[in-house]
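Subject: Structure handover and notes

Dear colleague,

Please find below the structure that I promised to pass on, together with its sequence. My notes come after it, and I would be glad if you read them with the model open beside you.

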Amino acid sequence: MDIELLQKRLGHTFRNAELLQQALTHRSHSSVHNERLEFLGDSVLNCVVASLLFDKFTKIDEGDLSRLRANLVKQQSLYEIAQRLELSQCLRLGEGELKSGGFRRPSILADTLEALFGAIFLDAGFDAARDVIRAMYVPILQTVDPKTLGKDAKTLLQEYLQGKKIPLPQYNVVATHGAAHNQEFEVECLVPKLDIQVFGTGGSRRAGEQAAAKLALEAVQAALVKTPAAPKKTRQRTTQLKLAGIATIQPDAPAAEPKKPLRAARMSAAREVDDTAAAEAKAEEIVNQSKSA
């Protein structure tokens, strides 16, 4: 790639072309290489990214800000930016590195990008380096989730289960493969409440647990999407009114007979007494007639 095109993509044109050339030079190429510039650029990068995070995430504490910064300036993140710049086409490598594919190596590309930041700082000052770094990182920050970025799979799984009030997972090494100096660990991750069992492998027990935790988190999220929580039962309107102190009739209770007015009730009772007395008199008359007969 043409050096002019690289400068256009960086958003900075070097006044001192030698600084740019040195920033692109790996130690395998010559004695004048980019390692000192890399050291300087690393510090400039950390300062600028820290400032960007401080301004964007105003409610995050120091610990989480440090976690976010560490993730954004790590080798993999720098390597991805270098790939977008097609930086590999501009590297100056020794013959051995060229043959071994050094232009594709993440560590070399990440270090070269930091060296470029250092070179820009020396060429035009901190503000120029800040503008270049900001242009690269602002789009990245638009998609950053501060709750999850930089957290490993085991931590994310634990926090997710705790948020759903589900007991924590269990990890067990179920097998080891390979020679003692190059073992591979197979680890089981169980989430009993959801009947989930997954397996992960890695070059160490911790790596195996992380691989299993990643699979378990995906399985847990999928399981909870398929079986959403049952909706809460709503109280009947009549019960709510009763609790609020308003007298109501429960919907399934038999309706009470309407009360009679007091005067009508008394008259009804009097009629019942008269009818009883008349019946007793009639019965007595019949008994007397039978005796006289």
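Predicted model: local features only at pLDDT ≥ 70, side-chain atom pairs only at ≥ 80, totals over all residues.

Residues are numbered from 1 along each chain as its sequence is written, and side-chain values use heavy atoms, with hydrogens and water left out.

Buried means under 20% relative accessible area, exposed means over 50%, and partly exposed lies in between, with a 1.4 Å probe and protein chains only. Helices are DSSP runs of H or I with at least four residues, numbered from the N terminus. Leaving aside neighbours within four places in sequence, tyrosine 137 is in contact with Leu45, Val49, Leu52, Leu72, Val73, Leu78 and Ile81, where contact means heavy atoms within 4.5 Å.

Next comes the packing of helices. Helix 7 and helix 8 pack at an angle of about 145°, with their axes 6 Å apart; the axes are lines fitted to C-alpha atoms over the stretch in contact, and angles run from 0 to 180 degrees between N-to-C directions. On the helix 7 side the contact is made by Leu113, Phe117, Ile120, Phe121 and Ala124, and on the helix 8 side by Phe126, Ala128, Ala129, Val132, Ile133 and Met136. These residues divide into 11 nonpolar, no polar and no charged, counting Ala, Val, Leu, Ile, Met, Phe, Trp, Tyr, Cys and Pro as nonpolar, Asp, Glu, Lys and Arg as charged, and the others, Gly among them, as polar. In helix 5, the residues Ser77, Leu78, Tyr79, Ile81, Ala82 and Leu85 are buried, and what covers the buried residues of this helix includes helix 1, helix 3, helix 4, helix 7 and helix 8. Just after helix 5, glutamate 86 takes a positive phi of about 55°.

The structure holds 11 salt bridges, each being a side-chain nitrogen of Lys or Arg within 4 Å of a carboxyl oxygen of Asp or Glu. Lysine 154 and glutamate 209 meet in one of them, at 2.8 Å from N to O. Lysine 154 lies in helix 9 (residues 153–163) and glutamate 209 in helix 10 (residues 205–226), so the pair ties together parts that are 55 residues apart in sequence. Of these two, lysine 154 is partly exposed at 25% relative accessibility, whereas glutamate 209 is buried at 10%. Arginine 105 pairs with glutamate 97, with the closest N and O atoms 3.0 Å apart; arginine 105 is partly exposed at 30% and glutamate 97 is buried at 16%. Within helix 8, arginine 130 and aspartate 127 lie three residues apart, about one turn of the helix, and their salt bridge has its closest N and O atoms 3.3 Å apart. Asp127, Arg130 and Asp131 are linked in a network of salt bridges.

Finally, a word on two single residues. Glutamine 7 lies in helix 1 (residues 3–10) and is buried, with a relative accessible area of 6%. A polar atom of the glutamine 7 side chain lies 2.7 Å from the backbone nitrogen of phenylalanine 14. Cysteine 47, in helix 3, is partly exposed with a relative accessible area of 41%, and the C-alpha atoms of cysteine 47 and arginine 130, 83 residues apart along the chain, are separated by 8.9 Å.

Methods:
Helix = DSSP H or I, 4+ residues; strand = E, 2+ residues; numbered from the N terminus. Polar contact = N/O pair within 3.5 Å; in protein donor to acceptor, adjacent residues only side chain to side chain.
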